Amino acid sequence: MTRLEGLDRLDAGTVRYPGDDGFAAASVPFNKRYADIRPSAVLSVRDAADVARAVRWARDAEVPLVARGGGHSYAGHSVGTGLVLDLRGLGGVRVDAANGLVTVGGGATNGAVYAALQEHDLAVPLGNSNQVGIGGLVLGGGVAAVSRAFGLTADALVQTEIVLADGSTLRCDARENADLFWACRGGGGGNLGVNTSFTFQARPTVSSSTCLLLWEWRGARRVLAVMQEIMAAAPDEFAARIGASRSGDGPGVVSVIGQHLGPASELRELLAPALATATPRRVDIADRDYWQAKDFLHHETSGDPFAVRTRCTPKPLTEAGIDVVIDAIDRWPGSANPDGAGVALFTWGGAINRIPVGDTAFPHRDTLFLVSMDTSWSESDSAQTVWCNLEWLDGLYEEMGGYATDAAYVNFTDPALTDLSAYYGPNHPRLARLKHRYDPDGFFRFPQAITPLSKENRG
């Protein structure tokens, strides 16, 4: 592979080519489904000025550029065949405890932000994986276990700095470049520029309790129905992920994992109807402080190949919808990946839904459950096994169309999704107009990037 002409002379950080030390760590995507995509080079930047230099160079050289924070794009969009811009050097976190403001570099991870916040006992709604990059999380909205009470990660954003396609840098907040600020709260990562910093309004932490419940498969239908009703009526302080999953050759399992911003006694009372419906094989309901709860909810997977598709629903699934879930889990074709496959209902609503749909680019302000359908396989599995898993997922996605809407969560990026209005809803036309204004040539592009609105539709 030839070296990119002129890149070595660019004073913008460290350049690595295939075979160089650190190349893989700076470019390999988390989802090994896309591990065979190899960039021509990786540029690890030192600061925001390096980002601007790199963008200008790539534009002039007509080299495709992809920004990479944590590398966790579900669809592999944090890697490409041109230049990967490694943002890990922008990993600093600064806390202004007196004003509750947290300023974060565009390449920081959730883990780094959590560590800084914990020193001051402050909370910002973040994800449950320490390795995920803050940039991708907040730009797509960012839903946390506390979002029903605290709102989205994007709802806590008060300022960001972004490098545009022409290499210029803008500071954006509710008063300055407010249109870009609007887009950066739910408009998806990589569409309009490279965000080099984010400032969030933090809040005091709240004492918590957590739950982890597991049921045998024979009670799945009853438990799924009752748990959905519990969550539909639950206070904002309680959020849970309701799961139906299977791995290996064993039967399925129903799980509930969640956090309540209140005592375990209240949480047990909220869960009482589900506990009475069928006896769980495991019950863990306990008081934990905010940081213990964060650690309890911490989740990592192997990163072996996986695929996810999503839908949304403003109400509990019907009995027929639950039957679709159960039947799909029963007929999952299997794989060697211990992560298996399943359907998860992430409880949204609460504070998320009290913000009007047009106030930010995040459109899903009427959703009760995000319906996340996933499957996984191993790199040792045959091509036939991979094909069967993807066919299974596509079939389940189509079947669930009768019970949930076409709306999809952009942070669980689905490479099979062709209609981007599913990600952005009624905000899609406005985002396309902003794309035309700030990146009319479509320099920032990837398979599911927003495209500039055509001239006849710009009005």
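Me: How close do the axes of helix α6 and helix α7 come, and at what angle do they cross?
Reply: The axes of α6 (residues 220-233) and α7 (residues 264-277) come within 9 Å and cross at roughly 170°. Axes are lines fitted to C-alpha atoms, for helices over the stretch in contact, and angles run from 0 to 180 degrees between N-to-C directions. This is a predicted model, in which local features need pLDDT of at least 70 and side-chain atom pairs count only at pLDDT 80 or more, while totals for chains, interfaces and linings use all residues. Residues are numbered from 1 along each chain as its sequence is written, and side-chain values use heavy atoms, with hydrogens and water left out.

Me: Why are α6 and α7 called roughly antiparallel?
Reply: Angles over 145 degrees count as roughly antiparallel. The axes cross at roughly 170°, and α6 and α7 are therefore roughly antiparallel to each other.

Me: Which residues of α6 and α7 meet?
Reply: Contact means heavy atoms within 4.5 Å. Arg222, Val223, Val226, Met227 and Ile230 in α6 meet Leu270, Leu271, Pro273, Ala274 and Thr277 in α7. By class, this contact of α6 with α7 has eight nonpolar, one polar and one charged residues. Ala, Val, Leu, Ile, Met, Phe, Trp, Tyr, Cys and Pro count as nonpolar, Asp, Glu, Lys and Arg as charged, and the others, Gly among them, as polar.

Me: What makes α9 and α10 roughly antiparallel?
Reply: Helix α9 (residues 319-330) and helix α10 (residues 383-400) pack at about 170°, with axes 10 Å apart. The two helices are therefore roughly antiparallel to each other. Among the residues that meet are Val324 and Ala328 in α9 and Trp392 and Leu396 in α10. The contact of α9 with α10 divides into seven nonpolar, one polar and one charged.

Me: Which residues of helix α2 are called buried?
Reply: Buried means under 20% relative accessible area, with a 1.4 Å probe and protein chains only. In α2 (residues 110-120), Asn110, Gly111, Val113, Tyr114, Ala116 and Leu117 are buried. Their cover includes β5 (93-96), β6 (101-105), β7 (122-123), α3 (134-139) and α8 (290-297). Just after α2, Asp121 takes a positive phi of about 55°.

Me: What makes β1 and β3 edge strands?
Reply: Two strands pair if DSSP finds at least two bridges between them. Four strands form an open sheet in the order β1-β2-β4-β3, with mixed pairing. In this sheet β1 (14-16) and β3 (65-68) each pair on one side only.

Me: How many bridges join β1 and β2?
Reply: β1 and β2 (residues 41-44) pair in the antiparallel sense over three bridges, and Val15 stands opposite Leu43 in β2.

Methods: Parallel < 35°, antiparallel > 145°, perpendicular 65-115°, else oblique. Buried < 20%, exposed > 50% of the residue type's maximum accessible area, 1.4 Å probe, protein only.
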